[in-house]
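Here are my notes on this model. Please keep the structure open beside them as you read.

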Amino acid sequence: MITVNNVTKSYGTSVLFENVNVAFNPGNRYGLTGPNGAGKSTFMRILTGEDEATNNGVIARPRKVGILRQDQFAFDDCRIIDTVIMGNKLLWEAIQERDKLSEKPTHTDSEINRLTELETVIADENGYMAEFEAGEILSGIGIPEDKHGDLMSSLATDYKFRVLLAQALFGEPDALLLDEPTNHLDLDTIHFLEEFLIDYKGSLVVISHDRHFLNAVCTHIADIDYQTIIIYTGNYDDMVAQKVQARQQIESSNKDRLKKIAQLQEFVARFGSGQRASQAQSRRKEIQRLALTELKRSNIQRPFLRFEQEKPAGKETVQIRGLSKSFGDLHLFKDFDLEIMRGEKVAIIGPNGVGKTTLVRSIIGELEPDAGSIQWGFGAEWNYYPQDHTHIITPGMTVLDWMMQFENGEGQQHVRGLLGRMLFSGEDANKPTEGLSGGERARLLLARMMLIKKPILVMDEPTNHLDLESVSALAEGLSAFPGNVFVVSHDRDLVSEVATRIVAFTPKGLVDFRGPYDEFIQVHPLPERKVSKW
């Protein structure tokens, strides 16, 4: 169990949460939710001990806590499998000390006794099965067995993140604290992680912007809002329903009280003096008793995305014939054909590193394919949202000034209104671009896409950095868009809600499936992976 007593965190006059008292019980799986900037990662760092509360609040943790580390380069000089085993600090230190002592040619009596103690610790921590169990987890999250003995430095950044996730899961910790564990994971691996966590018996606290993941895994939601943390029973969708219902009940009660107070005030005004003064006095007391329940302002804000097209494209959007692309001996796709008609929405899915971004960039002409032809139809113009967009937003400008570069005669008020819909209202429009958070940068790029009204939207991982409300708003906006959408994403809710067609990288090559994701998954089910039992 993890218990939190009287914890407050503030920065100057800005209070994230105050006097928080919650308990995370074994057997329950808690999703820690709240919009960008609410303090989710800050609260998680307080739970891990990496950050301190502003006041003298108390955190009680179990002995073994699995923590998802965020520094992917901290273990570059270590073997991959050793990095995982380091997740059990007690075991790893015992193994290291034992191996160092064992290298000595002779031993004193105290050293022999110490070796016996270390072997006991290793046995108690199931250390003789450590490499086998670490290997199971690594294979489950997509690290092949022949790589387990390699150095961490040999891995790409996204695969280093996977190893750090394996490190957090290793060693049967009593509690798991995971901040965005689905980052850098493909759909197959997210499915494996869900099954793994559902079997977990300790206390789980997880931050995620993947609604499907939260709904699949969580038994409770710890929601940061109203400057506190409220525990709701059920998954994310259950929490939203409970939260809306609770607020509606308060608003309805306040409305009834206002009506009653108005009637009482009218009586007091008429009979405040004279023979019925005593009755008026009782009415005054009744008015005080009927004081309205204070409705604190929620920090949840939802953007409004509506994509428009200046002119629709022709009936046939794009025709692709025999498209092929390789990098050395790595063949990403070969002889791929695709024909997309106006209005179709295509989701491009598959494991990491198989070529999804390369396919998108080849289709829009940013990369030269090895072979094949791409013929765009009449009026085919696109807006492109790249996965790496750090270079797009120019530093040294305000948000408004940057957006005004793309304005096409509709004026500053129109741009300000659009920015307001994307949560840059009032003075937020004057924020310097170099100081924007990841979520703010993502929303600003989406605002630009709404301003530049092209008939084709091409998006590569657009949900990165967006909070749950923004992801939901994006899905609604793309679904309502009358033009074409090409989207690379690992977010199943987004893919399920938006896509009318699936292009999937599979072991047998690229598959063009004419239908939504729910139908695709019935024909091409996710591969089964062995899930370790806790």
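1. Start at Leu178. Beyond its neighbours within four places in sequence, Leu178 is in contact (heavy atoms within 4.5 Å) with Met44, Leu68, Leu165, Ala168, Leu197, Leu204, Val205, Val206 and Ile207. This is a predicted model: local features need pLDDT of at least 70, side-chain atom pairs count only at pLDDT 80 or more, and totals for chains, interfaces and linings use all residues. Residues are numbered from 1 along each chain as its sequence is written, and side-chain values use heavy atoms, with hydrogens and water left out.

2. Leu178 belongs to the largest nonpolar core, which has 52 residues. Such a core is a set of buried Ala, Val, Leu, Ile, Met, Phe, Trp, Tyr and Cys residues joined through side-chain atoms within 4.5 Å. Buried means under 20% relative accessible area (1.4 Å probe, protein chains only). Leu178 and Leu197 touch the most other members. Helix H6 (residues 157–169) gives the largest share, eight residues. Helices are DSSP runs of H or I, at least four residues; strands are runs of E, at least two; both are numbered from the N terminus.

3. In soluble globular proteins, nonpolar side chains tend to be buried together.

4. Now the sheet. Six strands form an open sheet with mixed pairing, in the order S5-S6-S7-S3-S8-S9. Two strands pair if DSSP finds at least two bridges between them. Strands S5 (65–67) and S9 (228–233) are the edges, each pairing on one side only. The twist averages 20° from one strand to the next, using axes fitted to C-alpha atoms and angles from 0 to 180 degrees between N-to-C directions.

5. Is S8 enclosed or open to the outside? Six of its six residues are buried, so S8 is largely enclosed by the rest of the structure. His220, Ala222 and Ile224 point one way from S8. Ile221, Asp223 and Asp225 point the other way.

6. Look at the partners of S8. Strand S3 (residues 29–33) runs parallel to S8 (residues 220–225), and four bridges join them. Tyr30 has His220 as its bridge partner, and Gly31 has Ile221. S8 and S9 pair in the antiparallel sense over six bridges. There, Ile224 stands opposite Ile229. S8 and S9 form a hairpin with two residues between them. Tyr226, in the turn, has a positive phi of about 55°.

Key
Buried means under 20% relative accessible area, exposed over 50%, partly exposed in between (1.4 Å probe, protein chains only).
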